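Notebook open, structure loaded. I'll jot down what I look up as I go.

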Number of protein chains: 2
Amino acid sequence: MLEFAILGFLYDEPLHGYDLRKRLAALTGHVRPIADGTLYPMIKRLETAGLLTRDLQPGQIAAPRHMLSLTPAGRAELLRRLREPDELFITDENRWFALLAFLRHLESHTEQAAVLRRRLGFLAQPASFFWDGDRPLRAADFDDPFRRGLFTIATATTRTELRWLRDTLADLEAPGAPKSAAGDVTT
Amino acid sequence: MLEFAILGFLYDEPLHGYDLRKRLAALTGHVRPIADGTLYPMIKRLETAGLLTRDLQPGQIAAPRHMLSLTPAGRAELLRRLREPDELFITDENRWFALLAFLRHLESHTEQAAVLRRRLGFLAQPASFFWDGDRPLRAADFDDPFRRGLFTIATATTRTELRWLRDTLADLEAPGAPKSAAGDVTT
DNA sequence: CCTGAATACATCGGAGGCAAGGTATCACGA
DNA sequence: TCGTGATACCTTGCCTCCGATGTATTCAGG
């Protein structure tokens, strides 16, 4: 997850660790901030694996910075993960959001569409938070307002995302259409 | 998280591990299924901590079952966690959903409302996935449809939840009998 | 009668991530 | 001049949880 997001941010431009940390905090951190003790060892691991390189720069404001850039292997690795995301990246909302944040890096519309289709497949299948044997329970089955809220929110989210997925897929799979029209779903 | 959900399910009725596993899978698992290697050690830990007891029953269908029930300490612990949830339970959607699933166990409407207010406070504060320095970037700042989708979905979700939070808070804090489902709390 | 599937519990190794605690540099105000 | 706060990087120890694997039991189908 983190590893993926690091590759995603660095795909655009070289960054130093501190900057990376702030971007990661914005992307996933409003929900779950990442810790120093997570980030720096991860950078080291990626470096050891040959996915990024470090370039020491004299401090601009304070301490010296390590500018991080992806190696060709690193760039290839991001693309691979975008093309063939683990199932968790399709089903877990946080990871899925991270995936969406960088999906534009995949150049082929066909490949982008294939990823969206996987998410569509996941969202389209019936699901429930609670079951009575084989019968999925729905909002109306509950007295308490909190479980009802759970369903209300989940249903609304799913509906919005399904609409967006269908619209965007239509755009991506249109014969010659440019892709800029898909954003207008803000209702 | 898992620990919390186990306490929540057992608060209602004694269950055996396998049943618990299925319920946990439905609650959190459509997103991220839990593994055996997580559940059983966790049960053991909770038992050691004196929060639940085991009652061995001869197998109904197959192997013998360990019926699990909360001790008074276990019940108290769930209520404590509902009353004073860690910050992560307020900000992380998965955990927040788990919290909502069991919030009815808190008997006082005032205490329930206090928890919802914390979530309201979190959702009401401005947030963005991406920043340009101090300026939060919005959907219109992006060309690519995927980042736009990110905003579309997140905004819709937040809006739905805020509406629900405000409605439910109004019900909970109304002086007389709360309307709709919120009133069915058998104190 | 045998096999496979579902039920039911358990252990082990390891990865990912966090909190707490460092080390330094620079700017600014008191 | 001294402290504070922001910038910037790093290490250690811990905990949660996962994946793989193992052990029984029961029932249905061939």
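**Chain A, overall**

I started with surface: chain A exposes about 9,400 Å², and carbon and sulfur atoms supply 53% of that. Those accessible areas are Shrake-Rupley values with a 1.4 Å probe, and for residues only the protein chains shown count as cover.

Ground rules for myself: this is a predicted model, where local features need pLDDT of at least 70 and side-chain atom pairs count only at pLDDT 80 or more, while totals for chains, interfaces and linings use all residues. Residues are numbered from 1 along each chain as its sequence is written, chains are lettered from A and ligands numbered from 1 in the order in which they are written, and side-chain values use heavy atoms, with hydrogens and water left out.

Next I checked confidence (pLDDT, the predictor's confidence in each residue, from 0 to 100). Chain A averages 87, with 90% of the residues at 70 or above. Residues 179-187 of chain A fall below 50, and that stretch has 14 contacts in the model beyond near neighbours in sequence. Contact here means heavy atoms within 4.5 Å.

For the fold, I got eight helices and five strands in chain A. These are DSSP runs numbered from the N terminus, H or I of at least four residues for helices and E of at least two for strands. In sequence order the pattern of chain A reads α-β-α-α-β-β-α-α-α-α-β-β-α. Its C-alpha trace spans about 60 × 45 × 30 Å along the principal axes.

Of the 187 residues in chain A, 47% are buried (under 20% relative accessible area; exposed is over 50%, partly exposed in between; 1.4 Å probe, protein chains only).

**Helix α3 of chain B**

I looked down the helix at residues 36-48 of chain B. Which residues of α3(B) are buried? They are L39(B), M42(B), I43(B) and L46(B). Seen down the axis of α3(B), they fall within an arc of 105° (directions from the helix axis to the C-beta atoms), so they line one face. On the face turned away from the buried side, α3(B) carries exposed G37(B), K44(B) and T48(B).

**Interface**

I counted 45 residues of chain B in contact with 48 of chain A. Buried area (accessible area, 1.4 Å probe, that two parts lose on being put together, summed over both) is about 4,400 Å² between the two chains, 67% of it from carbon and sulfur atoms. On the chain B side, F129(B), F146(B) and I153(B) lose the most area to chain A, together 17% of what that side buries.

Key:
The expected span of a helix is 1.5 Å times one less than its number of residues.
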